[in-house]
Amino acid sequence: MQFDYDDQNIFAKILRGEIPNSTVFENEHALAFKDIAPQAPVHVLVIPKGAYVSIDDFAANARADEQAGFFAAVAAVCEMSDVAQGFRAVANTRTHGVQDVPHFHMHIIGGNQLGRMLP
Ligand code: 5GP
């Protein structure tokens with residue numbers, strides 16, 4: 001599958017420092033920051049620094065060190081957030097998945113009891 005990355009998406013602008021963000025963790029390959037419209041007490045977005053459109057793009061095409069760095073950031077966010085009782089990790093993807101920002105991001109959502117994933 002062909003993945004065409006638009007470098008004008010809002011998370012690309014955040015990575016370039018053109019738009020401010022509330023960073024909670026950063027390493028060589030990933031950035032984690034608070035969602036601007038939180039759906040729960042904990043709502044953090046973890047994004048790779050590389051230009052990947054979606055989770056399937058990232059899984060298929062990111063190098064092993066990029067994937068390790070991304071999941072190290074996920075682990076760090078979970079460790080530092082109030083999610084010991086659980087959380088939801090979500091990667092909305094393309095049209096059917098209702099993905100608004102076309103740069104792969106994983107939502108880490110928790111801090112209270114969530115509802116069922118799908119109605
Ligand atoms: P998606 O629907 O693509 O999975 O989720 C995109 C998420 O990005 C939404 O939860 C939205 O609130 C968040 N978002 C959109 N623009 C910004 C922004 O400029 N800054 C931050 N921190 N989050 C944003």
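Ile-47 has its place in strand 3, where strands (E, at least two residues) and helices (H or I, at least four) are DSSP runs numbered from the N terminus. The structure is a predicted model, in which local features need pLDDT of at least 70 and side-chain atom pairs count only at pLDDT 80 or more, while totals for chains, interfaces and linings use all residues. Residues are numbered from 1 along each chain as its sequence is written, and side-chain values use heavy atoms, with hydrogens and water left out.

Ile-47 is buried, at a relative accessible area of 0% (buried is under 20%, exposed over 50% and partly exposed in between, with a 1.4 Å probe and protein chains only). Beyond its neighbours within four places in sequence, Ile-47 is in contact (heavy atoms within 4.5 Å) with residues including Phe-11, Leu-31, Phe-70 and His-105.

Turning to the nonpolar cores, these are sets of buried Ala, Val, Leu, Ile, Met, Phe, Trp, Tyr and Cys residues joined through side-chain atoms within 4.5 Å. The largest holds 17 residues, of which Val-46, Phe-70, Val-74 and Ile-108 touch the most other members. Two or more residues each come from strand 2 (30–34), strand 3 (42–48), helix 3 (64–80) and strand 5 (106–110); helix 3 gives the largest share, five residues. A second, separate core of seven residues includes Phe-11, Ile-14, Leu-45 and Ile-47.

As for the ligand, a side-chain N or O atom of Asp-35 lies 2.5 Å from one of its oxygen atoms. A backbone N or O atom of Asp-100 is 2.7 Å from a ligand oxygen atom.

Key
Polar contact = N/O pair within 3.5 Å; in protein donor to acceptor, adjacent residues only side chain to side chain.
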